[in-house]
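Please work through the exercises below with the structure in view. Each task is followed by a solution in steps.

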Amino acid sequence: MKKTVLLLLWVFMCLNAPNLHAEDTGKLINNKCRANLKMLNEATAKFLAENDSGLPSWANHQTVTMSLIDRKYFAEQLVPPTRDCKYYLVSVSRDDYQWYCDLHGVLEGEKTVTFMYHEHRLMGKTTSRYGNIEKYRDHVKDMLRWTEYNPTPVEKLKYQYNMNPLTTVLLAIGGAFLLIFVYRNIT
Ligand SMILES: [Zn+2]
């Protein structure tokens with residue numbers, strides 16, 4: 001019986017060994033979103049260089065691309081890395097604007113906030129520069145609510161596994177042995 005368990009565990013380890021590299025999924029999401037914000041900021045700069053138009057203090061991506069900035073200015077299609085990454089343009093003037101994501105905030109901000117978003121640890125940035133814009137304040141408040149998010153046990157396990165696969169697998173095996181040991185000693 002013990003030999004069978006050990007054999008099974010060994011097979012499991014061998015099957016998983018090639019996949020046991022840590023992957024900070026939060027970082028990957030952050031990088032993708034920040035690349036999107038950079039692309040949007042650059043598109044806006046290009047648009048302003050060629051047009052005399054002013055900017056709205058707050059507008060979502062769809063409105064901006066439908067009625068202000070022609071799609072030709074955007075280098076690539078916008079692909080949000082999460083379904084909560086929603087993009088808005090925030091501006092106080094033609095010289096002071098940035099794109100904002102509901103989860104990641106702005107690209108350049110003096111405040112950094114980190115929080116769990118399901119099984120991913122994300123990082124967002126905010127700035128007080130746009131503090132006078134009510135919509136901006138509301139959206140930042142919504143983003144900060146994520147700091148109170150409590151991941152489910154499965155999300156926590158996924159996070160642990162992604163950050164440190166080997167330790168998580170070893171702990172799981174240790175736990176399995178403990179269960180077998182307890183089980184054998186009480187029956
Ligand atoms: Zn985002």
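The model is predicted, so local features need pLDDT of at least 70 and side-chain atom pairs count only at pLDDT 80 or more, while totals for chains, interfaces and linings use all residues. Residues are numbered from 1 along each chain as its sequence is written.

**Exercise 1.** State how many helices and strands the protein chain has, and give their order.

Solution. Helices (H or I, at least four residues) and strands (E, at least two) are DSSP runs, numbered from the N terminus. The protein chain holds six helices and six strands. Read from the N terminus, their order is α-α-β-α-β-β-β-β-β-α-α-α.

**Exercise 2.** Determine whether the protein chain is a compact globule or more spread out.

Solution. The radius of gyration is taken over C-alpha atoms, and the globule rule is 2.2 Å times the number of residues to the power 0.38. For 187 residues the rule gives 16 Å; the protein chain has 23 Å, well over that value, so it is more spread out than a compact globule. Next, consider the extents: the C-alpha trace spans about 80 × 30 × 25 Å along its principal axes.

**Exercise 3.** Describe the burial and the pairing of strand E2 (residues 87-93).

Solution. First, a residue is buried if 20 or more other C-beta atoms, placed from the backbone, lie within 10 Å of its own, exposed if 12 or fewer, and partly exposed in between. By this criterion five of the seven residues of E2 are buried, and the strand is mostly covered. In the protein chain, buried residues make up 21% of the 187 residues.

Second, two strands pair if DSSP finds at least two bridges between them. Strand E1 (residues 58-60) runs antiparallel to E2, with three bridges; here tryptophan 58 has valine 90 of E2 as its bridge partner. With strand E3 (residues 96-101), E2 has six bridges, also in the antiparallel sense, and serine 91 is opposite tyrosine 97 of E3. Two residues lie between E2 and E3 in this hairpin.

**Exercise 4.** State how the protein chain is divided into domains.

Solution. Domain bounds come from an automatic or database domain assignment. This gives domain 1 (25-150) and domain 2 (152-187). Their C-alpha centres are 39 Å apart.
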